[in-house]
Amino acid sequence: MTSFFGKSGDGSGNGDPLASRLEQIFRIAGIVGIVGLLLCIVGAFFDVQQVLRSYLIAYIFWFGLPFACLSLLLLNHLAGGTWGLILRRPLEAGASTFLLMTPLFLPLAFGINQIYPWAGAEHGTSHSSADDHAAEGEHPDAHSDSQHAAVSEEHGEYEEHGHTSHFNHKEIWFQRPFYFARSAGYFAIWGGLAFLLVRWSNEQDRVSNPSIPTRRMALLGAPGLILAFLTGTFAMFDWGMSLDPDWYSTIYGAMLIVGMGLQTFALLNIVTTLLADRGALGDIVQPKRLRDLGNLMLAFVMLWAYTSYSQFLIVWSGDLSEEIPWYLQRSQHGWQYVVGFLAIFHFFLPFFVLLFRSNKEKATRLRAIASFIFVIHLVDLYWLLGPSLGYQSPVPHLLDLAAILGLGGLWLASFVYFLNSRPLLANHDPGLVELRHHDAAHASHSEGA
């Protein structure tokens, strides 16, 4: 590890003070991650289902970072922008953590029948079972009631009739082999896109004429972004929305992806301001560029509020009995206070403070706002998934904390590893070269004036 953290640099590499600090973060995060996962393993001996519930919430929270890093990286290669020149290396480091998040998905795959109601159901048998009971002279509702009791005991969610009879039309989608194949396909696509972008970025660093890798990354931007958005949407359908197999929302995937974008921009602002404070990014990080990063975070705050409210408005205006229970679950037993909490602290307060230019141009203020948003987003995810996982009230389980710290510690350690393995700026990127020339010309003009 000494050689790994021992690079010297000045914007083209990490200086010794920064390397020492990153090494400390790497070790602490790694230890916290291992301890957290060990606590989860111990907890599994007492309540394996609770561990898997906690693990799912934590996994989706930390999965959002590499997914959004990949998407933002593709977006920047497609559309350009100064923000991408500053965030390029943190985005690439974040996208590279798919190497960690892919194997960490395995506990969820092995515990699928402990998490998803549809995984324990015998698809397509409810009607025939009802017919069988009718033939035996038994009222079909008696069978439905017994199914209801079994599901309620495990998840406490379904209010009427056996749930297997409600999603017969989704039988193919809920087949386990198809579910596993889809999940494998998602990770293959995300990992492939991240691999290509990082590989071409490395090539851009090495060659004297970076036009070819630069063009490759630009060409991958549009199709890659479409692929990432589609697969991300379906992944959220599979991992999150299918916790309520009777319920669906076409905007659910987009809503979670937007939340991931907000969460990731918050983290990137924290990382960038910390690096800038230590002079690791040279003079490229200026107040006006911090303002751009703050404005992008403000845009995601508004987009998150828009998608979240849109889903509620669509369900409310539709007034359909199969859609309303999802919100009813989240508007009682204390969950209604979480709604108010999110409205104030996930939207109104960040929206208000990010309107002021001074809050975005000062690194310390921007970092404080970003840290606040990052933490509050976890509450949002908890509100989205908790009731579907059988949480009767918004009181977290101790294993939730262990899972969050476990996965978060490992993710942060891997992120720091990848971030520190390369120069912090893509110095051969034509956009960065042009930006530096522009800054130099502007500085020269200012001195002359």
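**Cavities in this model**

Trainee: How do the residues lining the largest cavity divide into nonpolar, polar and charged?
Mentor: Eight of those lining residues are nonpolar, three are polar and one is charged. Here Ala, Val, Leu, Ile, Met, Phe, Trp, Tyr, Cys and Pro count as nonpolar, Asp, Glu, Lys and Arg as charged, and the others, Gly among them, as polar.

Trainee: Okay, what sort of model is this?
Mentor: It's a predicted model, where local features need pLDDT of at least 70, side-chain atom pairs need 80 or more, and totals for chains, interfaces and linings use all residues. Residues are numbered from 1 along each chain, and side-chain values use heavy atoms, without hydrogens or water.

Trainee: How many cavities of 30 Å³ or more turn up?
Mentor: Two, from a search of the whole structure. A cavity is a set of points on a 1 Å grid over the protein atoms alone where a 1.4 Å probe fits but cannot get out, and lining residues have an atom within 4 Å of a point.

Trainee: And how much space is in the largest one?
Mentor: About 80 Å³, counted as the space filled by probe spheres on points joined across faces, edges and corners.

Trainee: Which elements give two or more residues to its lining?
Mentor: Those are α3 (48-79), α12 (252-277) and α17 (363-385). The largest share, five residues, comes from α12. Helices are DSSP runs (H or I, at least four residues), numbered from the N terminus.

Trainee: Switching over, what lines the second largest cavity?
Mentor: Gly84, Leu85, Arg88, Ala426, Asp429 and Leu432 do, around a volume of about 30 Å³. Helix α4 (residues 82-96) gives the largest share of that lining, three residues.

Notes
1 Å grid on protein atoms, 1.4 Å probe; cavity = no way out; pocket = protein on both sides within 12 Å on 5 of 7 lines; lining within 4 Å.
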